[in-house]
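Here are my notes on the model, as numbered points. Have a look at the structure first, then read on.

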Amino acid sequence: MAAKIGTVPRERFRPPAIRFPNPILTKSLPTSRAQRLMPTSLRQPDGVVAVIPRVGRLLVIRRSSTVVAPRAWCFPGGALEPGEDQPAALRRELCEELGVPVEPVHLLWRSVTPWDVSLAWWLARLGEGATPTPNPAEVEDYRWCAPDEMASLEGLLASNRAFLAALAAGEIDLDLSS
């Protein structure tokens with residue numbers, strides 16, 4: 001005679017479905033689809049963003065006309081390469097875009113763009129005495145802007161507006177005085 005669990009015979013008992021993360025689902029779908037189904041806090045980021053404050057202002061770049069989102073204003077950063085960790089990607093991207101060394105300090109925020117790109121937003125510090133020098137293949141210009149000035153830039157990326165809104169709402173702990 002089969003043992004019973006509650007009132008259901010053991011051979012007919014099925015455990016409840018695993019909701020999230022489901023390793024079978026994760027392995028059976030392409031990575032981007034599996035990641036899209038995951039909560040933001042569990043997703044591996046597709047890109048990193050450097051938030052670099054300096055005396056009440058934030059470093060913002062204007063992308064060149066030859067890259068994705070041409071001539072848009074945004075924080076510096078970019079895509080992770082295979083096998084690259086977030087701090088290494090941040091250092092590489094800032095070197096490529098602005099020719100400056102940076103020190104990633106800590107993760108500030110995470111988001112997913114309207115185009116389903118998962119971003120990790122990092123507080124970073126420029127190397128001692130570093131002055132940004134835009135790489136014209138990637139960056140047309142750069143500025144130091146107060147958050148309200150940055151929010152008023154025409155062509156600011158939506159993800160950057162979301163970051164500034166979260167900052168204004170007190171959801172992000174960022175000291176702009178340094």
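1. The lining of the largest pocket splits into 15 nonpolar, six polar and four charged residues. Here Ala, Val, Leu, Ile, Met, Phe, Trp, Tyr, Cys and Pro count as nonpolar, Asp, Glu, Lys and Arg as charged, and the others, Gly among them, as polar. A pocket is an open set of points on a 1 Å grid over the protein atoms alone, where a 1.4 Å probe fits, with protein on both sides within 12 Å along at least five of seven lines; lining residues have an atom within 4 Å of a point.

2. This is a predicted model: local features need pLDDT of at least 70, side-chain atom pairs pLDDT 80 or more, while totals for chains, interfaces and linings use all residues. Residues are numbered from 1 along each chain as its sequence is written, and side-chain values use heavy atoms, without hydrogens and water.

3. The largest pocket comes out at about 560 Å³, taken as the space filled by probe spheres on grid points joined across faces, edges and corners. Of its 25 lining residues, Arg-63, Val-68, Gly-78, Leu-119 and Leu-157 are the closest to the centre.

4. E3 (residues 47–51) and E9 (residues 118–126) pair in the parallel sense over five bridges. Ala-50 sits opposite Trp-122 in E9.

Note on methods: Pairing = 2+ DSSP bridges. Helix = DSSP H or I, 4+ residues; strand = E, 2+ residues; numbered from the N terminus.
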